[in-house]
Structures are given as C-alpha cells and as structure tokens.
Amino acid sequence: PLDKNKMATSDYKYTKISELKEGDRDVNIYGIVKYYREPIRTSTGQYNSMLTLVDESVQDDLEKGIRCNLFGNSVDELPQINKIGDIVRIHRAFIKFFNGRLQLQANKRAYAWIVVSMDDVENVKSSHENFTFTIIDRRTVEALCEFYKTNVTSVDEDATNLTMFKDFTMNSYVNCMAKVIGIYRFETNYCLLKVSDGSKVSFSSFRQSGKIDNTCLMHWVDQDAAEATRNHSFDISVFDDHVKILDDLKVGDYVLFCNLHIKRVTYSTYTSGMIHTFNLKEVQDSKGWAEVILHSGRSYGRGISIVEADRTGVADIKGRVQALMDNYQANKAREHVPRPLQDSLTTTDYPAQPFRAIQTIQNTAVPNKFRLRGKLIGIKPRSIEDFVMKMCNGCDTIYSRSTSNKCCPSCPEKELEHKIYFQLLVEDHTGLLKADVYDKEAEYFLNSMTPHILLTDSARRENVELKMKTLLDDSINPRVKMNLKHFPWIELCLYSFKDAFNGTVYRVFGTSLI
C-alpha cells in the first residue's frame, strides 16, 4: 500500500502528450502504455527501453502517442512494465525530433519514473525509494484508467491486430484471442494451454500428436470442449514469467496472446517421439506440424492476459466454439445408436459398453477400463512372426526370440518362455494412443493362435496376415496412408495401469479379430 505520507501535494506540472513540442526540456508526463519493448543492452554497456505512451489528449488519433527512448545503467533503472495498459509517469525528460516524429528521451539517473498497474492502482513501482504520489496524481491515474477502459480497442494495438487460428502462417509471430479448453501444469516454469477460437487450424499442433507427458503435475480440462474443438484448437507452450497467470486462469476463460510464435516442427523432430517407432507418415490433413510457443520475456509486448467476456471479439469466439459444441453433442448422441461391426477389424466381448474418446481415456485416473473405437494406423513389430518373443514370467522382461539365453538374467530361477507381444497405435478425433497386446490376450486377439501355432502353422498365420494386410503391407503408397479414411476401424477393450518404467500403460483385453 502507498505511504500516506507520500500522498501530499506537489508542484509538478504535467504536459498533455498532444501539447509536447520539439526542444521541450524538464518535461513531466503521464501516459498509458500502448507499446513497449523489453530492455536491451547497447554497445556502450547501457540498457535501453522503448515505450509508446498515449493519453486522452490524443484520443482522436492515438497514432500520435509519444515514443519514449529511455536509458539506464541497469535493467532495474528502467520502467518495470508488466503489460499494455500500465500507466507510466516520467519526470525530467526532454523532447527531440527523430525519424520523422517527436520522441521523449531520458538518460540514466537524470529522470524519474513510476509505473502503476491498471489492475491495482495501489501497486506502484518507482525508480526511487522516495517519490511523491499526491491525491492529484491518484485522480490522474484513475482518469487514465477510465479512459483506457472505454478506449481499450484503440489504445491496445493487440486488440485490433488479431490473427485467427485458420490464418496462422508458419514461422511467424501473431496476436490472437481464444477460449481456454485445458490447462496442464508441469514444472514451475512451464505449462501447456489448450485453446480454441472456433476456427479450423491450418497446422497440426505438435503437442496434439500424442498424449500429454506423464510429467504433468496437474491438469484441468473440459473434456467435451476438447473433443468438440478437435482440429479447431492449438496446444500452446507457455514458459517462465508468463506461467504465473495460471494462478488466476480457469478453464472457460478467454485470453489474449501477444507475440505468439508459430514455429515449424521438422519431420525429424516430430518422429523423434512416440510416432517414429511405428514408421508412420504424417497422418493429419494439414500444412505441416507446428509448435505454438509463448516464449519467456516481454519483448514486443509478449504476454498473456485474461480478457473480460464483454470485450470486442469474445462474442464471435464464443459463438464459433458453441457451434462446434452443438455439433459435437449431436454426433455424440448418434454414437449410442448400435452400429454394424462389419466395418471393424475386431470385435469385443463387451458390446454394451459405450466407446470412450482417447483424450478421455488418457485423462482418466488409473487403473480403469474402457472401450475404444478408432483408426488403427500402426503396428509394431511389422512382421507377424516377430510377434513371438521370449519373456520372463517373473519380471515380465521381453527379449528377442533370437536370444540364446534360457533363463532371465534378472531372475535366474525363471526360464524364458515364448509369448506373443505386439503394440497397436490407434487414433480418433481426439488423439493417439499406444496399446499393448500381450500373452493370453494376444492369443485371444489372434483367434486362439499360440506362439507355437504362429511359428509352425503357415496357413493360419497367412489367414491373420490377410486380415491385417492394410497395416503390414509396405507396398501401399505412403501418401494414400496419410489419409485416415484408408486405415481400418478397430474396436478395443483396454485397461490402464501404472508401470514403474513406462508410466501409464494401456493393455488390450477381450478383443479378437473378426
């Protein structure tokens, strides 16, 4: 709180921005931050910060705001701007004409400043421990606050220079507004936000290529909204100083991102994760993979802020997202209508159980059981004969069938046995999921085929291979396989559990090939 002793009167006279003239010295002004750039170190070792300030005197043409070029021996000597809309007071500056416009300049310790938060006028930062803040100053700040609230779309350049998701271009920086669908907290300096503005995304979000990392400490997600906005949402990585906003952010809030980076993800980076083990091509019909990042620091106004529901542009986003929700709910209702199984590669033992979306499965506490329907887009190993491996009954360690060991190195008292083990990669409209098919459930999946039969009965093996031809045949044109409609439907019963080495594991049960 402000010291009441500082609420005295003073003899400072303040000039309106529209009244500034070239050559003015010892200028004192108040203004609202319209633009700011983070301090940078100059070649002389000083630090430089750039601001643009406006007040009510330039209301008719806010482009006439005053550009401020400020210097200090350290970052701490420069105004500590938090966001667009902060109020700045500067004492003892001078005005010069530079690059076709007036510019306020202040050097090192020759000037003084205070910064007042638009959200809390009691929150005042100053260049000096002792500073004056009179009743008149407070009234000036309150008047500027009121001016900002009634002219926000004019003062805040970012509010009128927004890019919709559908118009994102690769390797660019954009300002955008969106609705928060999910919040994922990781370390103290990193979080992930799933957001949507209701428009169809131009790129596949890198984080949506698989499940949220097991390192997620906590999360809040509107599951229905997440599924409804599939292909209309981005997962945005937020770093360092911007993470603090999560203390006040809730799912359903609307946020404004400034200086958001749309970064191209190379195919080698994309395939370095879970996908590369299945030798898959990109499967989404988009212009490529992008990682959307809010980098640390506040250069060029970079940041994230919560916006009010009545702000310009929010109603449009709300309408588009609601239309997606309405369509999703209608489709969800139709999902409960029984469907023929002939278009699926498999059948399950629990047909009465409803299907669950992958994102719902991955965000549900373990252990648990589910029934899933999706596109089977990958299988590992690629050869059915390689499904047979050697496994230890004691520790479940898997070894290649070609290993010469008769006993498990970790459990010498346990002999290795031939068992069937393979992995499936399934995708639906909400994400990707890797499922293990193991031992007796693997034999059941393959129509009661034991390891011995699989290795010795070529006729039965070929019958299974024929059923899975679309997955195992590498001669199929990869470009054709990039389209999900060319992959077979599969229905699976799954149970989830925690594994000490692999985190959450999903294993198939009660499922067999048709």
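Me: Why is F509 called buried?

Reply: F509 has a relative accessible area of 11%, and buried means under 20%, with exposed set at over 50% and partly exposed in between (1.4 Å probe, protein chains only), so F509 counts as buried. This is a predicted model, in which local features need pLDDT of at least 70 and side-chain atom pairs count only at pLDDT 80 or more, while totals for chains, interfaces and linings use all residues. Residues are numbered from 1 along each chain as its sequence is written, and side-chain values use heavy atoms, with hydrogens and water left out.

Me: What makes Y495 partly exposed?

Reply: Y495 has a relative accessible area of 27%, which falls between the limits for buried and exposed, so Y495 is classed as partly exposed.

Me: Why is the pair of Y495 and F509 called tilted?

Reply: Rings of Phe, Tyr and Trp (its six-membered ring) pair if their centres lie within 6.5 Å, and planes under 30 degrees apart count as stacked, over 60 as edge-to-face and the rest as tilted. The ring centres of Y495 and F509 are 5.9 Å apart with the planes at 55 degrees, so this pair is tilted. Y495 lies in strand β22 (residues 489-499) and F509 in strand β23 (residues 503-509), so the pair ties together parts that are 14 residues apart in sequence; strands (E, at least two residues) and helices (H or I, at least four) are DSSP runs, numbered from the N terminus. Ring pairs also link Y495 and F509 with Y350 and F497 into a cluster.

Me: How do you know that K369 lies over the face of F509?

Reply: A charge sits over a ring if NZ of Lys or CZ of Arg is within 6 Å of the ring centre and within 35 degrees of the ring normal. K369 is placed over the face of F509, at 5.3 Å from the ring centre, and R25 likewise lies over the face of F94, at 5.1 Å from the ring centre.

Me: What makes β18 and β20 a pair of strands?

Reply: Two strands pair if DSSP finds at least two bridges between them, and 5 bridges join β18 to β20 (residues 416-428), the two running antiparallel. Within this pairing K390 stands opposite H418 in β20. β18 also pairs with β19 (residues 398-399) in the antiparallel sense, over 2 bridges, and M391 has I398 as its bridge partner there.

Me: How do you know that β18 (residues 388-392) is mostly covered?

Reply: In β18, 5 of its 5 residues are buried, with V388, K390 and C392 on one side and M389 and M391 on the other.
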